[in-house]
Amino acid sequence: MPWEVRWVRWPDFRLPVDRGDAQNALHEAWHRARAERVEVACGGGCGRTGTALACLAVLDGVPAREAVTYVRKYYDPRAVETPWQRRYVARFTAP
């Protein structure tokens, strides 16, 4: 079954190329998840996916300073692989 897709340019082990686009995509995914299934994925399912999930957790009310720990506990202990990805989550803000 085909579904709508939104790609974010986000190199492996790095941060999104366009942070504004990434923030918009994450906000869109969070809003859409209220009424439908959404999928967040990357090549390995750990670094970029974990970072995106931690940002979604922030949007859902988890304090940014706790979001990485939250995702590592409930998704994957290796999620959010790099220091700059952790810093990205720590600075991510809800609207």
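Predicted model: local features only at pLDDT ≥ 70, side-chain atom pairs only at ≥ 80, totals over all residues.
Local features were taken only where pLDDT is at least 70, side-chain atom pairs count only at pLDDT 80 or more, and totals for chains, interfaces and linings use all residues. Residues are numbered from 1 along each chain as its sequence is written, and side-chain values use heavy atoms, with hydrogens and water left out.

On the surface, a patch of positive charge is formed by Arg19, Arg86, Arg87 and Arg91. Patches consist of residues with over 30% relative accessible area and no salt bridge, like charges being joined within 9 Å and nonpolar side chains (Val, Leu, Ile, Met, Phe, Trp, Tyr) within 5 Å. A salt bridge is a side-chain nitrogen of Lys or Arg within 4 Å of a carboxyl oxygen of Asp or Glu, and accessible areas come from the Shrake-Rupley method with a 1.4 Å probe, only the protein chains shown counting as cover for residues. The largest contribution to the positive patch, three residues, comes from helix H4 (residues 83-91), whereas Arg19 is placed in helix H1 (residues 19-32); helices are DSSP runs of H or I with at least four residues, numbered from the N terminus. Arg19 counts as partly exposed because its relative accessibility is 48%, where buried means under 20% relative accessible area, exposed over 50%, and partly exposed in between (1.4 Å probe, protein chains only).

A nonpolar surface patch of about 470 Å² is made by Trp3, Val5 and Trp7. Of these residues, Trp3 lies in the segment before H1 and is classed as exposed because its relative accessible area is 61%.

With a disulfide taken as a pair of cysteine sulfur atoms within 2.5 Å, the count comes to zero disulfides. Cys42 is in no disulfide, the nearest cysteine sulfur, that of Cys46, being 7.5 Å away.

Most residues other than glycine have a negative phi. Phe13, however, has a positive phi near 65°, and the residue is placed in the segment before H1, where a relative accessible area of 43% makes Phe13 partly exposed. Val80 likewise has a positive phi, near 60°, and is found in the loop between helix H3 (64-74) and H4; at a relative accessible area of 0%, Val80 is buried.

How values were computed:
Lys, Arg positive; Asp, Glu negative; His and termini not counted. Charge placed at Lys NZ, Arg CZ, Asp CG, Glu CD. Helix = DSSP H or I, 4+ residues; strand = E, 2+ residues; numbered from the N terminus.
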